[in-house]
Amino acid sequence: MIQYYFDWSVITRNAGALGEALLLGLGLALVSLAIGTVIGLAAAYARLSCRPWLSWPVWAYVEFIRCMPLLLLIFFVYFGLPEFNISWFDKTQSFILTLSLYAGAYMSEVFRAGLGSMPKQYVEAAKAIGLRPWQRQRYVVLPVMFRITLPAISNNLISLFKDTSLAAAIAVPELTFVARRINADTFRVMEVWLSVSALYLITAYTIATLLRLVERRYASIR
Amino acid sequence: MSDQPLLRAQGVRKSFGSVEVLKGIDLEVRQGQVVSLIGASGSGKTTFLRCVNLLEEHDAGDILLDGEPIGYRVENGRRRRLSETRVSAQRARIGMVFQQFNLFPHLTAEENVMLGLTKVLGKGKAEAREIAGHWLGRVGLEARRAHYPYQLSGGQQQRVAIARAVAMEPRLLLFDEVTSALDPELVAEVLGVMQQLAGSGMTMLVVSHEMLFVRDVSHHVVFMDGGRVAQAGPPAEVFDRPDSDRLRGFLGRFHGMFGGVRH
Amino acid sequence: MLDFSMTPGAFGFEAWQSRWSILSGVGVTVASSGLTIVIATVLGILFGIALSYGWWWLRLAIRLYVDVMRGIPVLVLILFTYYGLALFGINVPAFWAGVIALSGFATAHIAETLRGAVQSVPQGQMEAGKAIGLRFAQRLRYVILPQAVRRMLPPWVNTCLEIVKGTTLLSVIGVVELLLASQQIMARNYLIVDFYLLATLLYLIINFAIAQIGGVLERRFSYLRY
């Protein structure tokens, strides 16, 4: 076996940069999740609508995104939009736009399932106390659905966080990008990638644990 | 009839956690006999049946099939579990029919019956198919041999399950509340098949709540109460001269059912 | 955009010029996806069985593996494998480093899927298998797995789609699969939107084909209803 001497000073020297990169990745994931939630919600309602001109394009959007490699989408948006003379955005904004579109499709499936599994009696009870249609959605259906779909939303957040690694491909300085840079500078392969893997792993499971606590707070609804 | 009973249970005990479900069961089944276990739910009937087929492992006592202990061998006075292969071979000599049928949903009626014949008894496909056809015919389902379980009614599924068990030519056949999951109008067809089997000399150990059937078909009835055998004897004795309030109370619940048929 | 005429600089002409590059890109994408799907399915089923029925230490080890694999981005796995193997003097081409990393990731997903599917087979099935005297391996082979495989089919198809999409990440370590092949062509003719659209179309076709195959398999198992 080949000897390998670990030199963790590479990591300690770059701890600040790695930390910043990790936070950037988390930020990208959270912003995309927020925008994706809005898109997903609108898409889910459109998809469940009985007007085909509303539901059909949404179906196409969701299926398109689900079959489309994220990396291709990232490049397409980043390099393709300027071809249409749309170039007001920088690479980070371009990535957020892409990841939000991506998240929107997956979230719409989550919400569609959530709306579909909504027990009828809640809506009927809301009707019975005289709430108007939008009030029924705002005060009954949406709060219940968010609680039902919370586990799926937290899974999506973790996936999105892992997907932020692809931003490295267009040189957004998140964790994977910074790791590659340090790797290229120092060639301390094991230290760099073990640390980065651990950072992703720990962050992902921290998110999972935190969201499980949130779920438990709202566990009153089954 | 030989002197040695086909199945002999001696002091069988079984606990789930701190709850002792079987508190020393003694019981004998002779070749060709139909023995029925009756009693309230929770009295340990089903657990005992499952111990006989090693779906549960009894904690103490012996269950002997043809004089050979089931699931364990005794070595230097200590119980040792038999190997997976030996246990499987013992199970193959005891058939079992379940409350929930448990047919294999990915196999047709015929294939359900054939699986044990080919994989356990090592019979060829053609021979197994012939045997399966014979037994499906005996339970009146020859025409349904190519149907999947979801295409059959509950009663038909249970008859296939009986055919699957009998086709293995077991020494002993166990029935675990086989009509409890059936719609009332389907009970009779399953009981009919069981009666016919009993008539052909099959040795059967039956857990059932169908008191009329138990009374008509059994050679021996065992009333279990709280993990013990409370009374045992020929059906006439157990049903007509219950010697405890518990048994009287238990039978009283079925009295309405008897009223119409009794002469 | 999308000028199909056969004059130099038009998409039609440039696409015809680069047809072999595109086809070879598709070939590499299909080959790496196919290999990964086969490896990950075989290993995933073995790991899934061990996860359901293994000795406690084996279950623990595989549980750890599955959870680690699911917490790390695939791109990091690919980069780690690529640089790591080179570091230890194991000289594998980038293609194989990528297939190994993708397989490692997909194996974890399939193992977890199979464990869930095995768990969803009713307890009575195992008991009915015992009652007719089948040994453990036989119960697994003839009773549990046929039912579990049916149940894991839809998530398995999803994993296959993820694998195909994941092969685009191999471009990062220089494997000239469909995405990188398209980008190399764009670097020559600057028809960026056209060739991204072409690549998109090809990915949609590949994934649509996989979804269709999945549908056919599901219909073949349609007798398994409850």
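What pLDDT does chain C average? In this predicted model, chain C averages 91, and 97% of the residues score at least 70; pLDDT is the predictor's confidence in each residue, from 0 to 100. The model itself scores ipTM 0.90 and pTM 0.85.

**View 1. Chain C, with nine helices and zero strands.** Helices (H or I, at least four residues) and strands (E, at least two) are DSSP runs, numbered from the N terminus. Along its principal axes, the C-alpha trace spans about 75 × 45 × 25 Å. Residues are numbered from 1 along each chain as its sequence is written, chains are lettered from A and ligands numbered from 1 in the order in which they are written. Local features need pLDDT of at least 70, side-chain atom pairs count only at pLDDT 80 or more, and totals for chains, interfaces and linings use all residues.

**View 2. The crossing of α2(C) and α3(C).** Here helix α2 (residues 19-53) of chain C meets helix α3 (residues 56-71) of chain C, with axes that come within 8 Å and cross at roughly 130°. Axes are lines fitted to C-alpha atoms, for helices over the stretch in contact, and angles run from 0 to 180 degrees between N-to-C directions. The pair is therefore oblique (under 35 degrees is roughly parallel, over 145 roughly antiparallel, 65 to 115 roughly perpendicular, the rest oblique).

**View 3. Residues at the contact of α2(C) with α3(C).** From α2(C) come C:F47, C:A50 and C:L51, while α3(C) brings C:L58, C:R59, C:I62 and C:R63; contact puts C-beta atoms, placed from the backbone, within 7 Å.

How values were computed: Contact = placed C-beta atoms within 7 Å.
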